[in-house]
Amino acid sequence: KEVGKGAGLGLSTVSGIIQQSGGNILVSSEVGKGTQFVILLKRYERSLNDPKEVKNIKTDEKPQDLTGHGTILIVEDEDPVRLFSTRALKNKGYNVLDAFSGENALEIIEQTGGDKIDLIISDVVMPGISGPEMVEKVLAKHPNIKVVFVSGYGEDVFYQQYGMEREFNFLSKPYSLNQLAEKVKELLSR
């Protein structure tokens with residue numbers, strides 16, 4: 001990775017996903033020879049004869065509707081994270097714009113008009129203008145846009161850097177499709 005490109009949280013995101021699945025990741029690296037990643041996941045074998053494998057499904061519970069409408073701007077310098085979030089929210093019915101940096105987000109808002117954007121989902125740490133710096137500039141002109149900050153660092157670290165006097169929403173990386181969709185639905189339904 002070039003200096004100043006990305007927050008360096010790609011491996012952290014992968015590790016989080018693997019650990020959520022009950023697995024582990026091992027890394028070995030040798031200068032001049034390369035790096036090797038070994039991903040260990042639990043093996044799953046389903047036996048139709050084993051009653052422990054059959055789960056009771058509650059039929060009285062309705063699946064949660066995470067679809068919605070509105071225009072969302074996703075600001076994320078890591079391509080895989082940005083593409084995942086964009087695709088996931090488009091599949092839920094939202095109009096999604098995406099920016100690869102804080103500067104790019106400001107250009108998009110200038111071109112489209114900030115009043116047409118309902119929600120900004122922004123990474124905190126990015127090369128150039130940080131998420132909080134970009135959001136401050138946007139909210140000075142368009143104070144009604146809702147904001148969700150995402151970061152691989154904890155919410156408490158974000159509070160220390162950004163302060164607690166401002167109203168914002170936070171989502172920790174790595175996040176699942178459901179966590180993202182629930183947060184968006186909650187904010188845009190208010």
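Modeller: Gly152 lies in the loop between S6 and helix H5 (155-162); helices (H or I, at least four residues) and strands (E, at least two) are DSSP runs, numbered from the N terminus. This is a predicted model, in which local features need pLDDT of at least 70, side-chain atom pairs count only at pLDDT 80 or more, and totals for chains, interfaces and linings use all residues. Residues are numbered from 1 along each chain as its sequence is written, and side-chain values use heavy atoms, with hydrogens and water left out.

Colleague: Why does Gly152 count as partly exposed?

Modeller: Buried means under 20% relative accessible area, exposed over 50%, and partly exposed in between (1.4 Å probe, protein chains only). Gly152 has 30% relative accessibility and therefore counts as partly exposed. Its C-alpha atom is separated by 5.8 Å from that of Ser172, 20 residues apart along the chain.

Colleague: Which residues does a cis peptide bond join?

Modeller: In general, most peptide bonds are trans. Here a cis bond joins Lys173 and Pro174, with omega about -5°. Pro174 is in the loop between strand S7 (169-172) and helix H6 (177-189).

Colleague: Which residues of H6 are buried?

Modeller: Leu180, Ala181, Lys183, Val184 and Leu187 are buried in H6. They cover an arc of only 160° around the axis, which puts them on the same side of H6; the arc is that of the directions from the helix axis to the C-beta atoms. The buried residues of H6 pack against S7, among other elements, where contact means heavy atoms within 4.5 Å.
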